[in-house]
Amino acid sequence: MGPRKRSQRVLQHELEDLVVKHVRIEDSVWTGVNERTFLAVKPDGVQRRLVGEIVRRFERKGFKLVGLKLVQASEDLLKEHYWSLRSKPFFTGLISYMKSGPVVAMVWEGLDVVTTARKMLGETNPADSLPGTIRGDFCVEVGRNVIHGSDSVESAQREISLWFRQNELQCWEDESRHWIYD
C-alpha cells in the first residue's frame with residue numbers, strides 16, 4: 001500500500017472519529033438509562049456454547065438487549081473494529097482468530113452500561129479477572145478471552161455503527177424498567 005493511500009485511510013479514520021464525537025454531543029440517547037454498549041461473544045465463546053449464559057447475566061443485571069446477531073465477521077470489518085490495535089504484534093493473530101468462527105454481536109442499553117459491562121467481563125487477561133466475572137469464570141488465557149466489550153461510550157458508538165445498521169437496533173418498552181430504575 002502506497003503512502004498516499006495510507007494517508008487517505010488515516011484521514012478517513014480521523015474524520016470518522018470527529019463525526020462520532022459530534023454525534024455524542026448532539027445525541028443525548030447515549031447517556032443516562034439510554035446509554036448503549038457493544039459486546040461480542042468471540043468464536044471461542046460461541047464454540048463453547050457460552051452465549052446463553054452471557055445473555056442471562058446481562059438480562060439479570062437489568063440491562064435491555066436492543067440488538068443481537070450471529071455473524072461471520074469479514075476481515076475488513078475486523079480490521080476496522082480493531083483499528084487502534086493495528087500496530088500491536090498480536091494484531092494479525094487477533095484478526096485470524098476472530099475470523100475463525102461465528103461471533104455473536106450484541107447491543108445492550110442501560111444506566112452506566114459501558115462501565116458496568118466492563119466490570120462484568122473482567123480484565124482482558126483472565127488471570128487478572130476475579131471469580132464471578134465472565135472472564136474469571138470461563139477463561140484461562142488472554143488469547144481466548146471469550147468476549148469483547150466497548151471500553152468507553154465513544155468506542156461503543158463507533159463499534160455499534162460498524163456492526164449494526166440503524167434498522168437492526170430495536171426500540172422497545174421494557175416493562176420491568178420501573179422495577180430496576182428509581
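Q: What do the buried residues of α5 pack against?
A: They pack against α2 (43-47), α4 (75-81) and β3 (103-109), with contact meaning heavy atoms within 4.5 Å. Helices (H or I, at least four residues) and strands (E, at least two) are DSSP runs, numbered from the N terminus. This is a predicted model, where local features need pLDDT of at least 70, side-chain atom pairs count only at pLDDT 80 or more, and totals for chains, interfaces and linings use all residues. Residues are numbered from 1 along each chain as its sequence is written, and side-chain values use heavy atoms, leaving out hydrogens and water.

Q: Which residues of α5 are buried?
A: Phe 91, Leu 94, Ile 95, Tyr 97 and Met 98. Buried is under 20% relative accessible area, exposed over 50%, partly exposed in between (1.4 Å probe, protein chains only). Down the axis of α5 they fall within an arc of 165°, so they line one face of the helix; the arc is that of the directions from the helix axis to the C-beta atoms.

Q: Switching topic: which residue does UniProt list for "active site"?
A: His 148, from an unreviewed entry. UniProt positions use the numbering here, feature names are shortened, and annotations may be inferred rather than shown by experiment.

Q: Is His 148 buried or exposed?
A: Buried, at a relative accessible area of 13%. His 148 sits in strand β4 (residues 147-149).

Q: And Glu 168, where is that?
A: Glu 168 is in the loop between α8 (153-163) and α9 (177-180). Its C-alpha is 8.5 Å from that of Val 66, 102 residues apart along the chain.
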